[in-house]
Amino acid sequence: MELFKRQFVFIEAAGGLVTNHKHEFLAIERLGVYDLPKGKAEGNETPDITAQREIEEECGIKKLNIISKLTSTYHTYEMDGKMVLKQTHWFHLHTDADQTPQPQTTENITSARWMAIEDMDVFTANTYSSVKEVIQLYQSTQPLKQ
């Protein structure tokens with residue numbers, strides 16, 4: 001893995017699937033695609049701190065409690081003529097606060113809203129494959145409904 005990473009500029013990021021007390025999850029729309037809030041680590045931030053900060057910055061949601069680490073995903077892209085390998089650490093977070101999400105428009109986020117857990121199929125129909133992995137893992141950890 002280390003040899004592979006040396007071929008790229010390596011960037012660490014973190015984000016999360018945030019649920020609330022109404023059994024909804026936080027969804028953002030960026031560049032016409034559904035996504036989960038996430039972003040690059042700053043300085044020596046740990047992934048959990050990065051995830052909480054990015055969710056607050058991108059959506060204005062505070063009072064976040066980390067429930068569990070879900071997974072890490074990787075993807076590559078080109079930036080300024082260099083290939084980038086980005087690792088994103090994903091967490092399940094929860095808030096009991098009744099907050100209305102506010103999209104960070106400077107990050108090309110056009111909407112931020114709570115969606116019913118039952119509508120995850122609508123979300124996954126228009127999102128990235130790595131985010132689908134996060135959603136599927138989250139769903140596999142949840143108890144079956146009666």
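Asn 20 counts as buried, with a relative accessibility of 4%; buried means under 20% relative accessible area, exposed over 50% and partly exposed in between, with a 1.4 Å probe and protein chains only. The model is predicted: local features need pLDDT of at least 70, side-chain atom pairs count only at pLDDT 80 or more, and totals for chains, interfaces and linings use all residues. Residues are numbered from 1 along each chain as its sequence is written, and side-chain values use heavy atoms, leaving out hydrogens and water.

Asn 20 belongs to strand β1, strands being DSSP runs (E, at least two residues) numbered from the N terminus. A polar atom of the Asn 20 side chain lies 2.9 Å from the backbone nitrogen of Lys 22. Residues up to four places away in sequence aside, Asn 20 touches His 94, Thr 95 and Trp 114, where contact means heavy atoms within 4.5 Å.

Met 115 is found in strand β7, residues 109–116, and is likewise buried, at 4% relative accessibility. Although 96 residues separate Met 115 from Thr 19 in sequence, their C-alpha atoms are 9.3 Å apart. Beyond its neighbours within four places in sequence, Met 115 has contacts that include Glu 24, Phe 25, Tyr 34 and Phe 123.

Phe 10 also lies in strand β1, which spans residues 9–20. This residue is partly exposed, with a relative accessible area of 30%.

How values were computed
Helix = DSSP H or I, 4+ residues; strand = E, 2+ residues; numbered from the N terminus. Polar contact = N/O pair within 3.5 Å; in protein donor to acceptor, adjacent residues only side chain to side chain.
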